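Colleague: I want to learn how to read a fold from its coordinates. Can we work through one together?

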Amino acid sequence: MGELRLEELSARNIVAANNLSLKPGQEQFIAPVSYSVAASTTNPATSWQRVVLLDGEVAGFIHGNFDPESDHDEFRACIWRINVDAAAQGQGVGKFAADSLAEEARSRGFKQITVIWESGEEGPEAFFHRLGFTDTGQTPYGEVIGALQL
């Protein structure tokens, strides 16, 4: 595994983040419906967006949300989106990103982080379970809500 580090999303790295590739079949799992619906009410001030650099190159992106006042438990401290370039998958980039968000949540006093995903063969469910997330419920759209105790 190469050197991994986080960098805040910026004008300097956003093009590389937008150009992350996916493995065939993964594109259908990028954004659950619940996130699209909630995006209209999300406060940009609570957003936490970082790119993951692998040996100095953008290899992943994570978007978290930290909003202790949210009306929805699943959006108080959550992984909003996580993308790892197809060529970098399996090299610890996604785990590093999720662990970094968990550490940020701990530093802000949160006791758990959540994530929402759609079930499916090429989906992220196995990845989140390997990280320790457990299924805690479903959204009104049938997506899985997972939680990781910190």
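**Reading the fold**

Modeller: Start at one side chain. This is a predicted model. Beyond its neighbours within four places in sequence, Phe128 contacts Ile79, Ile82, Val115, Trp117 and Phe133.

Colleague: Which residues of the largest nonpolar core touch the most other members?

Modeller: The general idea comes first. Nonpolar side chains tend to be buried together in soluble globular proteins. Here the largest nonpolar core has 26 residues. Phe66, Ile79, Val93, Leu101, Ile113, Phe128 and Phe133 touch the most other members.

Colleague: Which elements give two or more residues to this core?

Modeller: Strands β2 (47-54), β3 (57-66), β4 (77-84), β5 (112-117) and β7 (144-149) do, along with helices α3 (93-107) and α4 (125-131). The top contributor is α3, with 6 residues.

Colleague: What pattern does the protein chain follow along the sequence?

Modeller: Read it as β-α-α-β-β-β-α-β-α-β-β. That is 4 helices and 7 strands. The chain is as compact as a globular protein of 150 residues, because its radius of gyration is 14 Å, close to the 15 Å from the globule rule. The C-alpha trace spans about 40 × 35 × 30 Å along its principal axes.

Colleague: What share of contacts joins residues at least 24 apart?

Modeller: Count contacts between residues at least 6 apart in sequence; 63% of them join residues at least 24 apart.

Colleague: And the surface and charges?

Modeller: Of the 150 residues, 42% count as buried. The accessible surface is about 8,000 Å², with 48% belonging to carbon and sulfur atoms. For charge, compare mean positions: those of the 11 positive and 21 negative charges lie 6 Å apart.

Methods:
Residues numbered from 1 in each chain as written. Predicted model: local features only at pLDDT ≥ 70, side-chain atom pairs only at ≥ 80, totals over all residues. Heavy atoms only, no water. Rg over C-alpha atoms; globule rule 2.2 N^0.38 Å. Buried < 20%, exposed > 50% of the residue type's maximum accessible area, 1.4 Å probe, protein only. Contact = heavy atoms within 4.5 Å. Areas by Shrake-Rupley, 256 points an atom, 1.4 Å probe, with all protein chains shown as cover. Lys, Arg positive; Asp, Glu negative; His and termini not counted. Charge placed at Lys NZ, Arg CZ, Asp CG, Glu CD. Core = buried A, V, L, I, M, F, W, Y, C linked by side-chain atoms within 4.5 Å.
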